[in-house]
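The structure is shown here for reference.

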Amino acid sequence: MISIREQHYGLNVALYNEFTLEDFRLFEEALMNISGKVHRPDILLDLSMLKDFTVDMAMEQLRFVRNHEDDFGRIAIVVDDIWIKLGAHISNLLTQQHPKYFDDAASAQAWLLENASEPAG
């Protein structure tokens, strides 16, 4: 399940239980939509309640990130599960993205808000 909220800096996205291809399609649509409103939007991605993801979603995510890695600004990832964190790190090794990891959503949002007036990059 996925929850997506637009913010002035970009998107806040929270994932619950399993991240499926259908969830990813919603995420992808929201990213493309916000890109039309905010230049290089920042993203808060809360994976703290994520339990699993599907292989088809993971493959689609890699394809999307490779095709759009210069379209987005800073990425704040909230994660506390070591295996989900490892999967996120491996995914990031295959792209040019360098997200910052946080233990809680409040810290991640504070980081995005404190730097919201600075150019993304």
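The model is a predicted one, in which local features need pLDDT of at least 70 and side-chain atom pairs count only at pLDDT 80 or more, whereas totals for chains, interfaces and linings use all residues. Residues are numbered from 1 along each chain as its sequence is written, and side-chain values use heavy atoms, with hydrogens and water left out. Helices (H or I, at least four residues) and strands (E, at least two) are DSSP runs, numbered from the N terminus.

Helix α4 itself spans residues 105–114, and its buried residues are A108, Q109, W111 and L112. Seen down the helix axis, these buried residues fall within an arc of 155°, so they line one face of α4; the arc is that of the directions from the helix axis to the C-beta atoms. Buried here means under 20% relative accessible area, exposed means over 50%, and partly exposed lies in between (1.4 Å probe, protein chains only). An α-helix has 3.6 residues a turn, so residues three or four places apart point the same way. On the face of α4 turned away from its buried side are the exposed residues A106 and E114. The cover over the buried residues of α4 includes the strands β1 (2–7), β2 (10–19), β3 (42–53), β4 (75–78) and β5 (100–102), where contact means heavy atoms within 4.5 Å.

How many salt bridges does the structure hold? There are three, a salt bridge being a side-chain nitrogen of Lys or Arg within 4 Å of a carboxyl oxygen of Asp or Glu. In one of them D42 is paired with R74, the closest N and O atoms being 2.2 Å apart. This pair links distant parts of the chain, since D42 is in strand β3 and R74 in the loop between α2 (55–68) and β4, 32 residues apart. Are the two partners buried or exposed? Both D42 and R74 are buried, D42 with a relative accessible area of 4% and R74 at 12% relative accessibility. The side chains of D42 and R74 are also joined by a polar contact of 2.2 Å.

Another salt bridge is formed by E6 and K37, with the closest N and O atoms 3.2 Å apart. This pair, too, links distant parts of the chain, with E6 in strand β1 and K37 in the loop between α1 (21–35) and β3, 31 residues apart. At 42% relative accessibility E6 counts as partly exposed, while K37 counts as exposed at 53%.

In the remaining salt bridge, the side chains of R25 and E28 meet at 3.6 Å, N to O. Both residues lie in helix α1, three residues apart, which is about one turn of the helix. R25 is partly exposed, with a relative accessible area of 40%, whereas E28 is buried, with a relative accessible area of 15%.

The backbone also deserves a look. In strand β2, N17 has a phi near 60°, a positive value in a residue other than glycine. R40, found in the loop between α1 and β3, has a positive phi of about 45° although it is not a glycine, and at 23% relative accessibility R40 counts as partly exposed.

With these details in place, the whole chain can be considered. The protein has four helices and five strands, which follow the pattern β-β-α-β-α-β-α-β-α along the sequence. Of its 121 residues, 45% count as buried. Among contacts between residues at least 6 apart in sequence, 75% join residues at least 24 apart. The accessible surface of the protein comes to about 6,900 Å², of which 55% belongs to carbon and sulfur atoms; accessible areas come from the Shrake-Rupley method with a 1.4 Å probe, and for residues only the protein chains shown count as cover.

Notes
Polar contact = N/O pair within 3.5 Å; in protein donor to acceptor, adjacent residues only side chain to side chain.
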